[in-house]
Amino acid sequence: MTQFTLFETEIGWAGLAWNDKGLVGVHLPEREPDTSRRSFERRFPGAVEAPAPESLAPTIAGIRALMRGEKADLSAAPLDLARVPEFNARVYEIARAIPPGETLTYGEIAVKLGDKLLARDVGAALGKNPWPIVVPCHRVTAANGKPGGFSARGGVNTKLKLLTIEGAAFVQPPPPKAKPAAAPQPSLFD
């Protein structure tokens with residue numbers, strides 16, 4: 001049976017979902033707890049809201065610490081890796097080893113997997129990460145320090161916020177270009 005709990009952090013309400021084998025999902029902080037609750041109910045139909053077991057207390061404390069801007073190690077959080085493909089599990093294992101405040105690129109993870117051509121596959125696996133924060137996919141960037149994508153709510157802005165909280169170095173994306181004003185229609189009478 002899948003259970004979930006919600007807890008408040010410095011930047012909003014986060015949540016964990018688990019079964020008897022470990023965590024099956026993590027939800028990034030939201031302003032309202034009901035948003036996180038609906039997400040778990042949608043992702044895990046039939047899941048029951050319950051107090052977190054004592055074994056997950058260090059994970060909750062670590063997520064809260066990270067959201068306060070403190071460095072926390074979540075690498076001991078128990079994950080139910082049987083729920084994800086083997087390749088994804090390998091990517092997540094490498095990502096979990098990235099310390100707070102540091103980053104690796106998609107290509108660097110691909111090289112660690114044995115083939116630099118797997119960079120897009122690494123990105124696809126991270127886009128399906130059911131454990132954001134615990135598997136810190138936000139610490140994986142594109143080449144040249146650019147942020148790359150992020151599939152969680154808020155997209156790249158959420159990724160940049162998490163990297164900023166952790167004090168990681170990255171290249172800020174340029175501000176969106178303003179659309180040029182439409183040229184006035186030429187007058188038919190000039």
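## A guided tour from strand β1 to the cores

Begin with β1 and β2, which run antiparallel and are joined by 7 bridges; two strands count as paired if DSSP finds at least two bridges between them. Helices (H or I, at least four residues) and strands (E, at least two) are DSSP runs, numbered from the N terminus. The model is predicted: local features need pLDDT of at least 70, side-chain atom pairs count only at pLDDT 80 or more, and totals for chains, interfaces and linings use all residues. Residues are numbered from 1 along each chain as its sequence is written, and side-chain values use heavy atoms, with hydrogens and water left out.

Select Leu6 and look across to Gly15 in β2, which stands opposite. The hairpin that joins β1 to β2 passes through 2 residues. Next, select β4 (residues 48-49), which pairs with β1 in the parallel sense over 2 bridges; here Glu49 is the bridge partner of Phe4. Of the 7 residues of β1 (residues 3-9), 5 are buried, so the strand is largely enclosed by the rest of the structure. Buried means under 20% relative accessible area, exposed over 50%, and partly exposed in between (1.4 Å probe, protein chains only).

Move to the largest nonpolar core, of 39 residues, in which Leu23, Ile63, Leu126, Trp131 and Val134 touch the most other members. At least two residues of this core come from each of β2 (12-19), β3 (22-30), α2 (57-67), α3 (86-96), α4 (106-112) and α5 (119-127). Such a core is a set of buried Ala, Val, Leu, Ile, Met, Phe, Trp, Tyr and Cys residues joined through side-chain atoms within 4.5 Å. A second, separate core has 7 residues, including Phe4, Ala17, Phe40 and Ala47.

Ile133 has a positive phi of about 80 degrees although it is not a glycine. Most residues other than glycine have a negative phi. At 4% relative accessibility, Ile133 counts as buried.

Finish at Asp80, in the loop between α2 and α3. Asp80 is buried yet has no salt bridge, and Arg83, the nearest side chain of opposite charge, is 4.3 Å away. A salt bridge requires a side-chain nitrogen of Lys or Arg within 4 Å of a carboxyl oxygen of Asp or Glu; Lys and Arg count as positive and Asp and Glu as negative, while His and the chain ends are not counted. The side chains of Asp80 and Asn19 are joined by a polar contact of 2.8 Å (a pair of N or O atoms within 3.5 Å; within protein, one must be able to donate a hydrogen and the other to accept it, and residues adjacent in sequence count only if both atoms are side-chain atoms).
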